[in-house]
Amino acid sequence: MDGGYVNEEDSDAIMGVESPGGQLKTKNGQKYVFNGPPSGVYVSRTCLVISAVIMLAALISSVLITYFLTSQSLPIVDTSPSAEAHIKDHHVDAATSPSHANATNLASAKFDIPDWLKQNQATTSSPEIAVVVPPVGDIPVIEEALETNTKSMDRPLQLFEGWRPQNYKIVIEPNVDSSSSNGSVSIEIERDPKVNSWEPIVLDVHNVSIANVRVIRSPIVNGSDEVELDFDSDYGDNNDTFIVTLAKSLATESNLRVLLSMDFVSQVTDTLQGIYKTSYTNPNTNQLEWVISTQFSPIDARRAFPCFDRPDMKANFTVSIIRNIKHKMCLSNMPRIRSSSHRTGYIRDDFKTTPKMPTYLLAFIVSNMVDSLYGNLDGGLMPRVEIWTRPTFVEMTNYAYKMVRQFLPYYEEYFGIKNQLPKIDLVSVPDFGFGAMENWGLITFRDSALLVPEDLELASSSEHMQYVAQIIAHELAHQWFGNLVTPKWWDDLWLKEGFACYMSYKALNQLYPEFQIMDTFTMLEFKESMQHDATNTSHAISFDVKTSSDVRRIFDPISYSKGTILLRMLNSIVGDEAFRAATQDLLKSFAYENIDRDDLWAYLTRHGHEKGTLPKDMNVKQIMDSWIIQPGYPLVHVERNGADLVLRQERYLLPSRNPLDHSRWFIPITYETDELHKGDNIPTHWMTQDQEQIVINDAFTKMNNSDNVLYLNLNRQSYYRVNYDMTSWLALKKNFSNLPTITRAQLLDDALHLAQAEYLSYDIPLTFLMELFTAMDDELLWSAAKPGLNYLIYNLKREPAYETFRAFMKFIVRPAFDRYGLHEPDNESHMQLKHRALVANFACKFNYDRCTQVAQTRFREWMRDPKRNPIKPNLKSVIYCTALAEGSYQEWYFAYKQYKRSNSASEKEEILTSLGCTTKPWLLSKYLNLTLNSTSGILKQDGALAFRAVASNAIGHEMAFDFLQTNIKEIADYYGDGFSTISEMIKSLTIYMNKEYHKQQLQALAANCRKLGLKAVEIAIGMAMEQVNDNIYWRTHSYDKLKGFLEGIVSEFEINIF
């Protein structure tokens, strides 16, 4: 490295630090023995003094020479107050004055300054020496890669007001070899009329170095000269902002508009954040093909270029990309205007200007991926749709294209607004942190979220095809809710994510009713949200987002699933017509602008009143604030009192009720009895936030109504659980088979979780579980059993009671498995295929030999002929896992080899999960180590999936914890902090932790993370600790009772425990 920097080893040598063998080692490598026997010639004191003087003179000379050489290549930065005052008091012209570079303090950057930036900084204040500023886009090539091992921090997010961006012009050249991007940005900025005080312009940056800053008045009238403005500039605290302060004499100009331009160097990361690089192997050449992609959401645009990196700072973007001619494909949000030669071996692509949008939606990709030629089929259809992927995957894009072409007209009709962009590109990126990202006009996906193989042997399961359809529907819905209209700040993330999720359900339900997706909603989304929202570590769906960790943390099931549930609840409150009309008005009124939740409440209230579905004395804000600004959800207790119903609310909380928690909600009440069938989901009664209890008079026509069925929360439209009195539970059990499908599933799910939190004894949910014995075809009921059963499996698996529990569950599952087996007929519906796979999963999980033996046989058939996979798509998951669990190392290595050979993303995910099913400790250890090996074929996007596969294995759990504890620093550096990978790993560890020593293990890990400065990981461990405390409480209070109930049932029904 140029400039005379000395590394730590060299410094140690100069300081006389001991090297191996008891020797001193100088910088030139000469060694001196100091602990051997006496030898040499005696030296007098005078000679010694003279020698010391000579050595001191030599040392001073070397320092002077080093300083002289260094000063020729590095800028002299005067950071004294007098220097700053000099800059503030004098006009600074970037085109003519070198003092401008001193104002932009590059020395405070966290990484080395490339030579091309050093050359543009002056070492003298002489006004006669002009510095030539490269024109926008003429960025010199940098030679060195930027340092990429900067420790991630939990940074406070300060909201700086006073200025708003209008337009960005960005020219950027990402470089794979140097892992850096150099570029220029010009931002047209106007003063915010709402802010009266005189504020500096504050740009967000992260590991970005800046030079050649200019500020001129805008707009520039044709023919007029540019008017330079005085300013001071420097990095802010921790180098996470770049601050430009204009002269106070301009403070009186309320309509001031300026053009701020600068050159910059940023990183091309390998952590899937900001501008990042990934690669794939070209099967024709067997060479690596590099891909440069972007992921700016939520707060990583600042890693790419200086910007106002906030969702409420919308602007237009005009992007130009400079790429090496060996990369044939270059995409951004808008269509390309032109491609031109930039310099020898490089091309410049210029793109049309985007609509107003936030920085997190900006995107570009440079690669050699290819299009699927759907654009040629579109003809005059708008927008033009194209899907891009690696050449070998082109045939897997047909399903996605079909989905896009069906969903777009549905959304345009529902929202009453045409899609706003002329094109939509969908790209499968080889390594991608999220499932997908809704970048406006350039939607990016991980492979498994977009590609569906049509080859019979690689064909996707019904569940995977539904997942792909729903992901595509979700991202397309964002083109309206999130892109066209954007929440002001991250505390309302749930608005855009909840709307996109809910609209994806509505779209699928409309276009594919055979998916029965709204029935699935009542189990899947409630499971995701309620298990996170039942603990003391849960957060309000909207909370005060203050730090970068807060922003990343809020991307969780509370924002997504709970947000979706609450919007569906709102839909049921105001009705379909009012909900749709309110949504249309909101999108039209705030197009290209920002909203907060109060805007939505106002529109829903108005339309609810107009349609007569919302009582005139109520408004949506009054109802929804209790659901939005506090964590958790209610449990409604139901008690019969003659012909009346008494309803009481409290917070459902794990591990058990907390009498000191007085949370209350504004709860919509719907109910039916044998005598009352309502026919819709609009509430008939309300339990307000001020009411702990209400009475519904004359719910029954007779005082003696013990046999009369009663159930609340019709179709599970609202976000709460229900606990009935014993009379009602017995009536529900007696008439279970006659209840609506969703109600049956809801009762089983509620009963299992009420018993977990000690609101109910386990005899009631066990009785409902036994309904599975005869309800072999009830797909939703079996799905409802899964979350509660998984909790019991994890907490019993390493306990004596598991033997009895497994026998009980085998007894229940056997009839359904004997009916379905490990077969997959070609003529079954989507739901039947999913149900068949779930029954098989339960049967093999509880070691029903007819399942485990057939699974091993099928897998070995595949091993005998690796090129022909006889295993049906919907049964791959259960057969792969069972075969590896019951088999030996041969099955494991075969599966890993097939993983590396397969080009189906969904197949790869199935195999990754199954590799963690083995019971061989050395293979589990090997698998964990492969997650840190970049050549293993396991992508960073799949690291948490692979780790979770081992952690959920009763044998692999302890090994997973040891691996995490031993390698926590390496894991943090390898995966970065962008996608909560380590948090997911830690969360997956807690499923088996239910003893006191497990808490001590976590505390030791937290202490280690504290030492290493891994604050976000330490926070994740604290949240995991709460789950462990819950598990310990359950084991102490509920284990013995459940064990007794299981033993009683096994004895009564004479169930064989073997």
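Predicted model: local features only at pLDDT ≥ 70, side-chain atom pairs only at ≥ 80, totals over all residues.
Figure 1. The sulfur atoms of Cys-844 and Cys-851 lie 1.8 Å apart and form a disulfide. Both cysteines fall under the 20% limit for burial: Cys-844 is buried because its relative accessibility is 7%, and Cys-851 is buried because its value is 0%.

**Figure 2. The disulfide between Cys-881 and Cys-917.** Cys-881 is joined to Cys-917 by a disulfide with an S to S distance of 2.0 Å. The torsion about this S-S bond is about -100 degrees, and the disulfide is therefore left-handed. Cys-881 belongs to helix α23 (residues 876-886), whereas Cys-917 sits in the loop between α25 (905-915) and α26 (921-930), so the bond ties together parts that are 36 residues apart in sequence. Cys-881 is partly exposed, at 27% relative accessible area, while Cys-917 counts as buried at 14%. A search of the whole structure finds two disulfides. When the bonded cysteines of the chain are numbered in sequence order, the pairing reads 1-2, 3-4.

**Figure 3. Two further cysteines, Cys-307 and Cys-330.** Cys-307 has a relative accessible area of 0% and is buried. Cys-330 is likewise counted as buried, with a relative accessibility of 3%.

**Figure 4. An open sheet of three strands.** The strands are arranged in the order β6-β9-β8, and their pairing is antiparallel. From one strand to the next, the twist averages 15 degrees. Five bridges connect β8 with strand β9 (residues 241-246) in the antiparallel sense. Within this pairing, Ser-233 has Val-244 of β9 as its bridge partner.

Figure 5. Strands of a sheet pair through backbone hydrogen bonds, in either a parallel or an antiparallel manner. Strand β10 spans residues 257-267 and is mostly covered, with nine of its eleven residues buried. Strand β5 (residues 180-191) runs antiparallel to β10 and is joined to it by eleven bridges. In this pairing, Ile-189 has Val-258 of β10 as its bridge partner. Strand β7 (residues 209-217) also pairs with β10 in the antiparallel sense, over seven bridges. Here Val-215 stands opposite Leu-260 of β10.

Figure 6. Strand β4 (residues 163-175) is mostly covered: of its 13 residues, ten are buried. Twelve bridges pair β4 with β5 in the antiparallel sense, and Pro-174 stands opposite Ser-181 of β5. The hairpin of β4 and β5 has four residues between the strands, and Ser-179 takes a positive phi near 55 degrees in this hairpin. The pairing of β4 with strand β13 (residues 316-324) is parallel and comprises six bridges. Ile-170 stands opposite Val-319 of β13.

Definitions and conventions:
Residues numbered from 1 in each chain as written. Heavy atoms only, no water. Disulfide = S-S within 2.5 Å. Buried < 20%, exposed > 50% of the residue type's maximum accessible area, 1.4 Å probe, protein only. Helix = DSSP H or I, 4+ residues; strand = E, 2+ residues; numbered from the N terminus. Pairing = 2+ DSSP bridges. Axes fitted to C-alpha atoms, helices over the stretch in contact; angles between N-to-C directions.
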